[in-house]
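Please find below my comments on the model under review.

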Amino acid sequence: MPDTETTMTEVGMEYDKLVELYEALDSTTKRLEKTVILADFLSMVGTEDPKILPVVTFLSLGRIFPTWSEEELGIGSKLLMKAISLVVGVTPGEVEDQMRDSGDIGSASEELLQRKVQSTLFRRPLTIEKVHQNLVKIADTAGGRSQYKKMEILRELLSSASPQEAKYITRTVIEELRVGVGEGTIKDAISQAFDTPKEVVERAQMLTNDMGLVAEVAMEEGEYGLRKLTLNPGKPVKPMLAQLSPEIQASVAEMGWALCETKYDGIRVQIHRKDDEINIFTRRLENISNAIPEIVEYIRKAILPSDFIVEGEIIVTKKGKPISFQYILQRVRRKYEIEKMREQVPLTLYLFDVLYYNRPMIDEPFCDRRKMLEKIVQIIPGKLELSDQVKVTPENPEKAEELFKKSIEGGHEGIMIKDPHAPYMPGIRGKKMLKFKATPETLDLVVVGGTYGKGKRAHFIGSFLLALRDENNDLKTLAHAATGLDDKTLMELSEMSEPLIIKKVGRRVEMVPSIILEVAFSEIIKSPEYESGYSLRFPVVKRIRPDLSLEDIDTVERIESMYQNV
Ligand code: AMP
């Protein structure tokens with residue numbers, strides 16, 4: 001009588017064949033050789049036992065489930081050592097000692113099993129399918145005594161394994177196969193084995209995150225089938241990433257015109273609705289829906305029901321201003337007392353893209369996707385909003401700069417510059433989506449002059465001339481900063497400025513250096529226009545610093561070193 005229900009009729013390809021593959025892969029460090037070995041193996045499986053091809057694909061990556069899946073084995077190294085110790089008949093301590101000698105749990109199991117006198121004569125060979133099914137069963141085991149039950153399944157599996165098989169089963173269990181095969185190699189191998197273009201395999205994997213499925217479709221339907229694979233609401237895809245923009249205007253010019261958006265500093269989320277179920281994934285494809293139930297509620301309310309995938313950034317706000325990024329991490333990692341946290345750390349979601357709405361939309365240009373987003377989303381103020389966006393054309397380049405200032409003043413990180421014609425490119429960090437950030441550092445500068453505004457703002461000094469000090473404590477000008485502060489602060493600043501004015505020429509004034517401002521900026525540049533020899537790109541006044549005095553302001557030396565250290 002078998003002691004567990006894991007035993008089944010052993011038919012199909014033997015696990016030993018997979019072990020031979022692992023050993024062959026391990027015997028070379030050259031990626032091209034590994035690819036050929038793997039391609040030959042996949043093609044052999046495709047001919048001899050096609051139904052196990054997806055399983056073999058995962059196992060050769062040392063995985064059991066597709067990337068989108070949240071299933072995991074839930075076996076720690078302690079439990080694994082216990083199982084080995086029971087199989088071999090030694091103490092867990094001895095397994096640990098062996099592990100230290102051999103270098104890893106796989107080699108240790110091999111050594112230990114070799115020493116054990118095995119009745120190999122009666123050993124029924126393990127099949128690839130059986131190993132896989134038992135690993136899946138371990139993952140599926142939950143509830144009371146699940147640790148014990150998991151270990152029993154593993155023990156049974158290891159007792160039927162040869163020493164070499166045990167080496168790779170244990171390594172698979174702890175997700176460290178150590179044969180040097182990554183996603184890149186396996187994609188190349190699939191393309192070689194089934195004669196399909198590499199980029200088509202690549203794209204299919206990007207969209208499905210299921211290498212087993214990709215291998216199967218490549219084998220059965222070739223390029224045509226792969227091209228038909230697409231997004232599936234419910235299964236996360238790797239997000240499109242952003243490159244750094246060297247300079248706003250140059251980036252906009254390269255795109256022709258651009259859609260610029262506020263860059264929110266929170267966490268990126270991909271939100272899926274499939275039938276009635278809503279799931280929220282991080283950029284690492286982790287499901288965080290349970291930690292942030294209010295976002296699930298907002299989504300349910302705000303977006304017309306259908307199957308969809310939308311993307312956005314979640315931030316924590318207090319009185320409309322974003323607060324430290326740390327808080328959002330607290331929320332996302334939280335497993336208990338979620339309701340309490342919900343009140344203490346309120347979240348706002350800014351949506352900025354739609355990848356699927358009734359149909360896959362990733363190949364449609366960004367400007368159309370945005371229009372769709374505007375159509376399907378009903379904003380819930382302060383809770384679920386669309387990203388602040390402006391259209392920047394060669395005729396109105398200043399719009400980008402204005403948005404940058406507004407974003408920094410609003411406490412955000414900078415702006416995104418997006419190519420309106422670009423498709424959504426999962427997992428790609430390309431030139432179609434750029435980010436332009438203020439440096440995290442700010443400067444404390446003193447006001448030495450200013451220029452009055454025009455029209456409605458004629459009574460305010462709208463732009464301040466700012467200076468820092470050199471090694472002799474002489475003041476050197478560095479930049480003009482238009483404050484863009486809210487009217488109240490601007491008024492306050494003007495009132496503080498009036499008594500300090502010593503000279504007035506037209507709209508320009510000179511002032512006694514006294515008011516100190518904290519200034520954010522995007523970049524330090526060399527400039528002959530200012531006495532310091534440097535200037536700031538996109539300076540934005542963040543706040544007045546009445547707590548600082550002239551000795552506290554920044555120095556030319558600091559600017560020089562910041563400039564050099566970029
Ligand atoms: P980084 O994390 O610095 O590479 O910047 C890119 C990230 O900015 C994205 O992955 C998003 O998480 C985030 N982000 C914030 N606001 C936006 C926006 N409006 N559009 C796209 N991404 C945004």
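1. The second largest pocket of this predicted model holds about 770 Å³ of space. Its lining is made up of 30 residues, and Lys-437, Ala-438, Thr-439, Pro-440 and Phe-521 are the closest to the pocket centre. Two strands, β11 and β18 (523-526), each contribute at least two residues to this lining.

2. By residue class, the lining of the second largest pocket comprises 16 nonpolar, eight polar and six charged residues.

3. Elements that supply two or more lining residues are β1 (241-244), β2 (258-263), β3 (267-274), α15 (325-333), β10 (414-418) and β11 (429-437).

4. The lining of the largest pocket divides into 17 charged, 14 nonpolar and six polar residues. Because domain 1 (4-173) and domain 2 (241-437) both give residues to this lining, the largest pocket lies between these two domains.

5. Turning to charged pairs, the count comes to 48 salt bridges. One of them joins Lys-51 to Asp-49, with the closest N and O atoms 3.1 Å apart. The two partners fall into separate accessibility classes: Lys-51 has a relative accessible area of 56%, above the 50% cut-off, and is therefore exposed, whereas Asp-49, at 9%, lies under the 20% cut-off and is therefore buried.

6. In helix α12 (residues 211-228), Glu-223 and Arg-227 are four residues apart, about one turn of the helix. Their side chains meet in a salt bridge at 2.8 Å, N to O. Glu-223 is partly exposed at 32% relative accessibility, while Arg-227, at 54%, counts as exposed.

7. Some salt bridges share partners, and in this way Asp-444, Glu-518, Arg-543, Arg-545 and Asp-547 are joined into one network.

8. A further salt bridge links Glu-221 with Lys-228, where the closest N and O atoms are 3.7 Å apart. The distance falls within the 4 Å limit, so the pair qualifies as a salt bridge. With a relative accessibility of 39%, Glu-221 counts as partly exposed.

Methods. Residues numbered from 1 in each chain as written. Predicted model: local features only at pLDDT ≥ 70, side-chain atom pairs only at ≥ 80, totals over all residues. Heavy atoms only, no water. Nonpolar A, V, L, I, M, F, W, Y, C, P; charged D, E, K, R; others polar. Domains from an automatic or database assignment. 1 Å grid on protein atoms, 1.4 Å probe; cavity = no way out; pocket = protein on both sides within 12 Å on 5 of 7 lines; lining within 4 Å. Points joined across faces, edges and corners; volume = space filled by probe spheres on them. Buried < 20%, exposed > 50% of the residue type's maximum accessible area, 1.4 Å probe, protein only.
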